[in-house]
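Please keep the sequence and the model in view while reading.

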Amino acid sequence: MALLQISEPGMSSPPHEQRLAVGIDLGTTNSLVATVRGGMAAVLSDALGRPLLPSIVRYLPDGRAEVGYPAQARQSEDPKNTIVSVKRFMGRGVKDVAHLESAPYDFVDAPGMLQIRTAAGVKSPVEVSAEILRVLRERAELSLQGSLSGAVITVPAYFDDAQRQATKDAGRLAGLNVLRLLNEPTAAAIAYGLDNAAEGIYAIYDLGGGTFDLSILKLSRGVFEVVATSGDSMLGGDDFDQRVFCWIVEQAKLAPLAPKDARLLLTRAREAKEYLTYHGEAPITARLSCGEFVDLALDSETFCRITQTLVSKTLGPVRKALRDGGLSVADIKGVVMVGGATRMPQVQRAVGEFFRRDPLNNLDPDKVVALGAAMQADVLAGNKSQGEDWLLLDVIPLSLGIETMGGLAEKIIPRNSTIPAARAQEFTTFKDGQSAMSFHVVQGERELVSDCRSLARFELRGIPPMAAGAARILVTFQVDADGLLAVSAKEHSSGIEASVAVKPSYGLADADIERMLRDSFQHAREDVHARALAEHRVEGQRLVEATRSALQADGALLEGKERSVIDDALAELEKLLAATDHRAIKRATDALNRATESFAARRMDAGIRRALAGRQIGSL
Amino acid sequence: MRNHFELFGLTPAFALDAVALERAYRDIQSRVHPDRFANSGDAERRASLQWTTRVNEAYRTLKNPVQRAKHVLELQGVDVAFETNTAMPPDFLMQQMELREALEAATQDKNPDSLGRIRNDLVAEKRALEAQLGKAIDESKDYSGAAGLVRKLMFLDKLDAEIDLAYEAAE
């Protein structure tokens, strides 16, 4: 396994320039950006040498936003406008979020995803996250001295479709070309596996600030295969803070707190939790706005007792993932600990006891996800030649299904299916002459639709009049490599079709993203046209390069006439790339995409034939 | 290519060369996977998505003994008809009822140990049926007999799923 691959003289990489690609860990508490330089993955620090960016955004009345440490410094002073742990709200409605009442924000209950009223206006969690991503993008561009060709953004493996879509939207809004959404434990497995040349079955125990994931992977030469994943997207280090906070309020017999005091005590609670990792007792002192003085000491025994249910709550998903993978504890070769919250000694102990082995802590639990994401970004950007790279096989964490009669959920794609995946199911009408059928797409494991997460509703109209049960409606679910779902429905006899990218009911429509982009440009002093030109040029240039290398490798698959159509479209795009009309570049890019459609399909077929031929010769 | 075996260069049979299947799967995936085409145009990305999806589906089908048997039988023109053909031998049904009663009791007691025992019994029963299935398909070519065995196994899979739910309820 080649983490520190150094090219031998004479065996250097292909002549193209290395593309600038980064991995971003968009965390609940802290975020990081990392990249691969000279074969080594490294986290990029800010101008003051700090690798972490606190995931905190403070909105100011003039519309600007402060991100990271400056926002953190003002959070007790301005709690209503300082958004912490925004990841908990991604793709979530008001009723989905626990302890919402204790958060000091002015929530707006928007359909699908909640929003927050701030001094700079109403903001969606997508916009808040985009502020964090924008700071990381700028940090990377400054440090790498160039614009980024793409980014891999990590998400908790247990994130559902709504949360994933929201994350991808935030990336777009921050001006990033999102190469892939990568599951956090998978990213950690890449970093760990490559660094240690690990082979065998490993569990990744990832307890972050707000989410918990447990993934089981089979590592072998050049392949990372996720066997099963499980977790709890509402459980993390924040919950431990919350327990300590409640303990403080109870011990000090405090009356209901002002938002400022609540934020102050939550901060003290977090500090005490961190202190207890290395000490037997933590002092907790704070002066509240009413003048009252809190002076307590929390010992580690009490801390363990008040958080014991949280620790054991993580073991349910661990057992479930083992069952789903058909594995027992004895099959697991190592348990890699990821996420700052795994520093707590009681977590280390519980995991060690469950797996009957010492957990692996040899990578910095705060950085390992960003490093793995950077390595994957390097592969996706095409910076590694074949043989140096690896194959990543990931799964969907939660079953995807559709509502049937009686409010029951019928599973179409079961959890732990390797992605990309597609599955089709046939449905029929239940009334004579029924001309429309509505579909409700859900995600989750429970039998009742009301216990699952609702993803989208859509309707197939114009079904020709038929007797009940005669229509044949094929519903197809397609999950892409980011774990995002698209659904289509088609009535067979008439060919009537309806499809939905499972987005509009909770996510942002393209128009929303455009509006937000325009808003953000007003503050960022960036020119919309310059940005569009830059983006379309990058995309067009990428397609030119890809088409050229495809023609070079497989040009023989084309007949003379087909070849000249592609050559013409290629020449047209190249000519326009030199000019400044971003719309014309986009049109020419689309035209070249269309012109290469059947060539692309033939190339793929040829690739499979070569794979088969190679093997048959090899096995003779 | 409707034949999942052909896709991996294998001959249709119930007995499976798992190593050859995995090697072929990885070979093909390393050529068609979307990670190889993150920088390509829309056309190649779409073709990659379609192929990877198809390869994953074929791999999943062949790895699972019940799905693999169903697929072999389909290639022979035999429909397993699990939904419509519900006739089962009485002794099999008796045994199922006993297993179900045991499961119900274990669910009510929220007892993971007895769930584990039921699962072990179930796995043993499945292995025995799969051995018979292999003989019926690959040796005696008794396809209708094989279809009956597949229906039994599908029955057991349903029970397996219920054991999973019981585990979750017990936790």
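In which loop of chain B is B:Lys110 found? B:Lys110 is found in the loop between α5 (90-109) and α6 (112-139) of chain B, helices being DSSP runs of H or I of at least four residues and strands runs of E of at least two, numbered from the N terminus. The model is predicted, so local features need pLDDT of at least 70 and side-chain atom pairs count only at pLDDT 80 or more, while totals for chains, interfaces and linings use all residues. Residues are numbered from 1 along each chain as its sequence is written, and chains are lettered from A and ligands numbered from 1 in the order in which they are written.

Most residues other than glycine have a negative phi, and most peptide bonds are trans. B:Lys110, although not a glycine, has a positive phi of about 50°. It counts as partly exposed because it has 13 C-beta neighbours inside 10 Å; a residue is buried with 20 or more other C-beta atoms within 10 Å of its own, exposed with 12 or fewer, and partly exposed in between, the C-beta atoms being placed from the backbone. In chain A, A:Ser85 also has a positive phi of about 50° without being a glycine. A:Ser85 lies in the loop between β7 (82-84) and β8 (106-108), and its 18 C-beta neighbours inside 10 Å make it partly exposed. The peptide bond from A:Ile419 to A:Pro420 is cis, with omega near 0°, and A:Pro420 is placed in the loop between β21 (408-413) and β22 (421-427) of chain A.

Chain A as a whole has 15 helices and 27 strands. Its radius of gyration, taken over C-alpha atoms, is 26 Å, close to the 25 Å that the globule rule (2.2 Å times the number of residues to the power 0.38) gives for 620 residues, so chain A is as compact as a globular protein of that length. The C-alpha trace of chain A spans about 85 × 75 × 60 Å along its principal axes, and buried residues make up 46% of the 620 residues.

The contact between the chains takes 31 residues from chain B and 37 residues from chain A, two residues being in contact if their C-beta atoms, placed from the backbone, lie within 7 Å. On the side of chain B that touches chain A, α2 (18-32), α3 (42-63) and α7 (143-170) each supply at least two residues, and α3(B) gives the most, with 10 residues.
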